[in-house]
Amino acid sequence: HGVLKVRTSEEKARALKLKELEKIDSYNKLVKSFEEKREKENGQYDDQSLAVSKLVLVENPEYYTIWNYRRNVMNQFKEKGTSDIQQVYQNELKFIEECIQRYTKSYWIWYHRKWVTVRLDDCDWDRELKLCSKLLNLDLRNFHCWSYRRFVLENSKIPLEDEFKYTTSKIEQNFSNYSAWHQRSSILPKIYPEPEKLLEKVLEEFELVRSAVFTEPKDSSSWIYHKWLVATLKSIPNSNYIDVLKNELEQINELIEMEPNCKCNIKKILKFFFFTGPIYITLLLKIEIGGYDKNELKETIQELIKLDNDHINYYKHLETTI
């Protein structure tokens with residue numbers, strides 16, 4: 001009398017199970033309704049085609065067949081000369097955004113948004129970029145969003161210099177942001193197409209990545225970017241890259257001396273991140289620079305084989321290049 005009844009764990013389990021079954025039944029009815037609609041229309045779509053299919057996607061955005069179906073519907077609307085086709089696209093963008101808020105890592109949702117935006121007469125690319133920034137503030141490693149961000153940059157007139165500054169802010173926020181490093185590598189050569197300017201910027205980037213590896217020496221993201229810098233430096237004519245690599249080698253050796261755990265924990269690093277860590281990087285630099293004792297290099301390779309036996313064949317191949 002007046003006392004709230006507390007359900008037992010069994011009662012809670014039964015209630016949850018019943019609720020789940022009801023949800024499944026409701027979803028199956030939506031799918032059946034969609035399939036019946038698709039069969040009856042026989043390729044001749046109307047406004048209800050979008051309405052009925054939308055109900056299914058609200059519950060399950062991974063039903064990629066229905067995203068394909070919606071594209072077919074809109075293509076037919078356009079072929080028939082539907083006067084408000086641009087409004088149809090705008091409505092679709094709003095729906096996609098609602099889905100993205102709940103399912104931020106669905107391949108089908110992001111692909112569908114790309115498909116819609118390029119069909120708009122005047123897509124608001126600035127807004128699309130702001131949407132990416134908002135989502136990346138919630139999850140900085142959402143590679144779906146980073147990929148879409150690159151798509152926006154490719155299809156808009158947004159200055160790449162602004163995007164470069166954005167990657168800097170994200171990296172400074174968290175050095176372990178692999179996607180931000182990758183974004184940086186994809187736009188740097190586009191901002192600086194002239195070899196002289198690119199060389200100058202690459203040398204500056206070594207300073208940034210050095211700060212990252214000294215701060216988080218066990219993180220793979222900055223080491224991978226370091227490898228990209230080395231490869232880019234080598235491709236630039238008259239870069240005197242051997243001298244630069246010698247300096248990098250000294251810096252990394254200094255890091256190993258300062259952080260002995262980098263060497264002690266290299267097995268854990270290699271277990272999860274192939275081709276990362278200071279021992280491997282120093283080996284590559286020495287091979288690239290040349291002039292180092294071959295026996296010393298082979299001893300390093302044997303050490304790597306012991307620590308990372310999963311990639312023994314690669315290390316043996318590397319040994320043949322010495």
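**Overall picture**

Of the 322 residues in the protein, 42% are buried. Buried here means under 20% relative accessible area, exposed means over 50%, and partly exposed lies in between, with a 1.4 Å probe and protein chains only.

A word on the ground rules. This is a predicted model, where local features need pLDDT of at least 70, side-chain atom pairs count only at pLDDT 80 or more, and totals for chains, interfaces and linings use all residues. Residues are numbered from 1 along each chain as its sequence is written, and side-chain values use heavy atoms, with hydrogens and water left out.

Now the secondary structure. There are 17 helices and 0 strands. Helices (H or I, at least four residues) and strands (E, at least two) are DSSP runs, numbered from the N terminus.

What about the overall dimensions? The C-alpha trace spans about 75 × 60 × 45 Å along its principal axes. The radius of gyration is 27 Å, while a compact globule of 322 residues would have one near 20 Å. That radius is taken over C-alpha atoms, and the globule rule is 2.2 Å times the number of residues to the power 0.38.

The accessible surface is about 18,700 Å², and 50% of it belongs to carbon and sulfur atoms. Those areas come from the Shrake-Rupley method with a 1.4 Å probe; for residues, only the protein chains shown count as cover.

Next, contacts, meaning heavy atoms within 4.5 Å. Take the contacts between residues at least 6 apart in sequence: 64% of them join residues at least 24 apart.

Let's start with α3. Its 16 residues should span 22 Å at 1.5 Å a residue, and its end C-alpha atoms are 23 Å apart, which agrees. The expected span is 1.5 Å times one less than the number of residues. The buried residues of α3 are Ile66, Trp67, Tyr69, Arg70, Arg71, Val73, Met74, Gln76 and Phe77. What covers them includes α1 (9-41), α2, α4 and α5. After α3 comes Gly81, with a positive phi near 75°.

On to α4, residues 85-102. Its 18 residues should span 26 Å, and the end C-alpha atoms are 26 Å apart, so the two agree. Its buried residues include Ile85, Tyr89, Phe95 and Cys99. Two glutamates are also among them, Glu92 and Glu97. The cover over the buried residues of α4 includes α2 (47-59), α3 (64-79), α5 (107-117) and α6 (125-138).

**Cysteines**

How many disulfides are there? The count is 0, where a disulfide is a pair of cysteine sulfur atoms within 2.5 Å. Look at Cys99. The closest cysteine sulfur is in Cys145, 15 Å away, so it is too far for a bond. Cys99 is buried, at 4% relative accessible area. Cys132 is in no disulfide either; its nearest cysteine sulfur, that of Cys145, is 4.0 Å away. Cys132 is buried, at 0% relative accessibility.

**The core and its surroundings**

The largest nonpolar core has 80 residues, and Trp181, Val202 and Phe206 have the most contacts inside it. Such a core is a set of buried Ala, Val, Leu, Ile, Met, Phe, Trp, Tyr and Cys residues joined through side-chain atoms within 4.5 Å. Setting aside residues up to four places away in sequence, Phe206 touches His226, Leu229, Val230, Leu233, Val244 and Glu248.

Now Arg210, in α10, residues 195-215. Is Arg210 buried or exposed? Its relative accessibility is 10%, so Arg210 counts as buried. Beyond neighbours within four places in sequence, Arg210 contacts Asn247, Glu248 and Gln251.

Ser176 sits in the loop between α8 (160-173) and α9 (178-191). Ser176 is buried, with a relative accessible area of 16%. Leaving aside neighbours within four places in sequence, Ser176 contacts Arg141, Asp219 and Ser221. From Ser176 to Trp67 is 109 residues in sequence and 34 Å in space, C-alpha to C-alpha.

Last stop: the loop between α11 (220-235) and α12 (241-258), where we find Asn238. Asn238 is not a glycine, but has a positive phi of about 55°. Asn238 is exposed, at 75% relative accessible area. Asn240 is in the loop between α11 and α12 too. Asn240 has a positive phi of about 50°, again without being a glycine. At 57% relative accessibility, Asn240 counts as exposed.
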